Amino acid sequence: MVERKFFIQWDSTNDCNLECTHCYHNREGKEHAKHSQIETSLLSLDEVKSMIDDLDRTAKKWNFLPRFQISGGEPMLRKDLMEILDYTNSLCMETRLLTNGTLITKEKTRELYHRGVKRLQVSIDGSRDIHNSIRRRPFAYDSAIDGVRNCADAGILVNVSMTIMQSNKQDLEDVVKSSIEAGAGIVGFQSYVPDIKLGANDPEFVSAFETYKLYQEIRNLRKKYKNQIKVLETEVLWQIMQWDTKIKREARETERFLSGCGSGFSGLAVLSDGTVYPCRRLPIPIGNISEGIAKIMLGSKVLQDLRDFDRLKENGCCNDVYYCRGCRAIAYAVTGDYIAKDPMCFKEFTKLEEKEPRVIRR
Amino acid sequence: MVLLEQLVPQVRSSSDSKSRVHDETSLLSSYMPLNDSKYDSSCETCNNCGSGNCASCCGSSD
């Protein structure tokens, strides 16, 4: 039996040396940022350890493998980061950093590696000028590439992540090539979640048809560079372009969760002050981590809604809902309803001949 | 465009929801078991999505 992973993505700090145009913290308003940056509102080291203990205990009780993802702000600015990593390492817990990469020096990579960080995500959102424009810092790109290179040299697997927006959608291949040159092992692409105050009118929002064309481009890049880097197809809507499988059919027949969006099923997002969201991109408070993972997972009405496949289907999701569900954050940002159909769903544009054959090993 | 006053989360009452998952037993039974040996948790790129599309996802079986 293979165990699923249950993760916590934790904003270790709201401090950051960049000022990205699409950062959640900027969007969530000055009031939130001001509140969360008060030193006393940050989870203390003891509180963080309690959260990690809870993740370890609850995940194992439920037959999951725990994964702890440390985000920010910029996690390298969290003063007690290395002590936290010592703790997760002592529990043999898979731990990943989600970083802008700019502060990952050679010395830091050694410290991270020896504390069990074997994989790390660095955000690169385009070619040098585009990335620096999005990050609003002229040094951002070169520093991030140096960070990727330092990690690769130290034996840490780097997953470069690009958020696709209108302003950088022409740069996909550039990001793949620069990731290869810097030594990254994986590159993946994430959908842009529009600003909830603008919805589909957000100028960076990518439409369903554009998303479809971009996914085709990503698939071509995966083939073109397959011997040099792994181009992931892990975003939920990739299910639309992939073949049906036995396990998917079983999930549909038994109406059980298989994969796709993990909100409500396989993870929680925790802010720097302990506030819990279903996903870091779905800004609906559903409790505080001090209440415990089990209580929140079972008791949150929002999470119960997110697990309600029947209601999702009533709202327009198709029968792939057991391994897709679309992006709940984008549905919420565009419609105000977190169980509405994902407005970026491009299933209507797909054709059978564009689906990729695969070998079924059963 | 979504108006600001519409941004209050639409948290539905439990009576309004068909959710079957309110307790630990029902939550855990709502997951599809991943019982295929190719979902190797030691695989460095595996995200354990369970979809069975490894070749398309991480390229590990290309």
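Chain B as a whole averages a pLDDT of 62, with 27% of the residues scoring at least 70. Over residues 1-7 of chain B the pLDDT is below 50 as well, and that stretch has 11 contacts beyond near neighbours in sequence.

This is a predicted model, in which local features need pLDDT of at least 70 and side-chain atom pairs count only at pLDDT 80 or more, while totals for chains, interfaces and linings use all residues. Residues are numbered from 1 along each chain as its sequence is written, and chains are lettered from A and ligands numbered from 1 in the order in which they are written. The model scores ipTM 0.84 and pTM 0.89.

Turning to chain A, we find 14 helices and 10 strands, taken as DSSP runs numbered from the N terminus, with at least four residues of H or I for a helix and at least two of E for a strand. The radius of gyration of chain A is 20 Å, close to the 21 Å that the globule rule gives for 362 residues, so the chain is as compact as a globular protein of that length; the radius is taken over C-alpha atoms, and the rule is 2.2 Å times the number of residues to the power 0.38. Buried residues make up 51% of the 362 residues in chain A, where buried means that 20 or more other C-beta atoms, placed from the backbone, lie within 10 Å of the residue's own.

E1(A) and E2(A) run parallel and are joined by 8 bridges, with Ile8(A) opposite Phe68(A). On to strand E3 (residues 94-99) of chain A, E2(A) is joined by 4 bridges, again in parallel, and here Phe68(A) stands opposite Thr95(A).

Strand E8 (residues 267-270) of chain A holds Ala269(A), which is buried, with 24 other C-beta atoms within 10 Å. Leaving aside neighbours within four places in sequence, Ala269(A) is in contact with Gln9(A), Val276(A), Tyr277(A), Cys279(A) and Arg280(A).

Finally, which residues of helix H6 (residues 128-135) of chain A are buried? They are Ile130(A), His131(A), Ile134(A) and Arg135(A), and, seen down the axis of H6(A), they fall within an arc of 125°, so they line one face of the helix, the arc being that of the directions from the helix axis to the C-beta atoms. These buried residues pack against helix H7 (140-154) of chain A, and just after H6(A), Arg136(A) takes a positive phi of about 55°.

Note on methods: A residue is buried if 20 or more other C-beta atoms lie within 10 Å of its own, exposed if 12 or fewer, and partly exposed in between; C-beta atoms are placed from the backbone. pLDDT is the predictor's confidence in each residue, from 0 to 100. Two residues are in contact if their C-beta atoms, placed from the backbone, lie within 7 Å. Two strands pair if DSSP finds at least two bridges between them.
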